[in-house]
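Me: I have a chain to look at and would like to understand how it is put together. Could you go through it with me, one question at a time?

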Amino acid sequence: MDASTSSLVVAVVGVLGTLVSGLLTHRSALRSKAVELTHAAQERREERRAAEHRELIEARRVSYASFNQSLRQFHAVLFRRCTDLGTDFAAGHTDERSWPHARPRAEVDEARQALRDVYAEAQMVASDGVLAAGGGLVHLMSRIQRLLDPEAPDPAGREARLAEARDGLERASEGLYEVRQTMRRDLGITELPIERPEGYGA
């Protein structure tokens, strides 16, 4: 190979090397850019999920506060009504429709409707555990309300109905604690057990 051919080969190899080097550099830059874009997209997805989680927790917190308050309000109204009806029964009033100290049914109905509305909202954001505990308590207190309804059938059985209502109210009192603790556990703000510890609040 003479000198001119050698020079030509060297020049061609040099040009090819420069071109290939440029292509490799460009390809490496594209690959790095693609990795950066993928990483940025992943970060955006994670940030969006975190924001959605924070929004869900806040929606649950607001819903749980209203649900807890409505459960307690309905329980208090039922307790007062049971006490009034028991007082009237003990005083010898035999006609349930004229029990003079009975709380107006409107007060009970309003408390129940308020609870029903809040419960319907909670069903859209509450966890399964909260819905299970809360739903059971809502049904129990609805049963108690029917027992205390002066227009309920079997007027001769009102003493038995009052006794069953009192028993139900005691169970509902425990249920209030359990629902509240389930809500607090779901929000991540307590490590206390769901069931009321023995002697707690005594």
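Predicted model: local features only at pLDDT ≥ 70, side-chain atom pairs only at ≥ 80, totals over all residues.

Me: Thanks! In which helix does Gln 181 lie, and which residues does Gln 181 touch beyond four places away in sequence?

Reply: Gln 181 is part of helix α4. If we skip residues up to four places away in sequence, the residues that Gln 181 touches are Thr 190, Leu 192, Pro 193 and Ile 194.

Me: What pattern does the chain follow along the sequence?

Reply: Good moment to step back. The chain holds four helices and zero strands. Read along the sequence, the pattern is therefore written with helix symbols, by the rule that names helices and strands. That pattern is α-α-α-α.

Me: Is Leu 176 buried or exposed?

Reply: Leu 176 is found in helix α4. Its relative accessibility is 5%, and the cut-off for buried is under 20%. Leu 176 therefore counts as buried.

Me: How far apart are the end C-alpha atoms of α4?

Reply: Helix α4 covers residues 158-187. Its 30 residues should span 44 Å at 1.5 Å a residue, and the model agrees with that, because the end C-alpha atoms are apart by 42 Å.

Me: Which residue follows α4?

Reply: Here the backbone gives a detail to look for. The residue after α4 has a positive phi, near 75°. That residue is Gly 188.

Me: How are α3 and α4 placed relative to each other?

Reply: The two helices pack at an angle of about 160°, and their axes are 9 Å apart. Their crossing is left-handed. The residues of this contact divide into 15 nonpolar, five polar and five charged. An angle over 145 degrees counts as roughly antiparallel, so α3 and α4 are roughly antiparallel.

Me: How far does α3 reach from its first C-alpha to its last?

Reply: Helix α3 runs over residues 128-148 and has 21 residues. Its buried residues include Val 130, Leu 137, Leu 140 and Ile 144. At 1.5 Å a residue, the expected value is 30 Å, and the reach of α3 is close to that, at 30 Å.

Me: How are α2 and α3 placed relative to each other?

Reply: Helix α2 covers residues 105-122, and its axis comes within 12 Å of the axis of α3, crossing at roughly 160°. That angle makes α2, relative to α3, roughly antiparallel.

Me: Which residues of α2 make the contact with α3?

Reply: The crossing of α2 and α3 is left-handed. On the α3 side, the contact includes Leu 131, Gly 135 and Val 138. On the α2 side, the residues are Val 108, Asp 109, Arg 112, Leu 115, Tyr 119 and Ala 122.

How values were computed:
Residues numbered from 1 in each chain as written. Heavy atoms only, no water. Expected span 1.5 Å × (residues − 1). Buried < 20%, exposed > 50% of the residue type's maximum accessible area, 1.4 Å probe, protein only. Axes fitted to C-alpha atoms, helices over the stretch in contact; angles between N-to-C directions. Parallel < 35°, antiparallel > 145°, perpendicular 65-115°, else oblique. Left-handed = near helix turned anticlockwise from the far one by under 90°. Nonpolar A, V, L, I, M, F, W, Y, C, P; charged D, E, K, R; others polar. Contact = heavy atoms within 4.5 Å.
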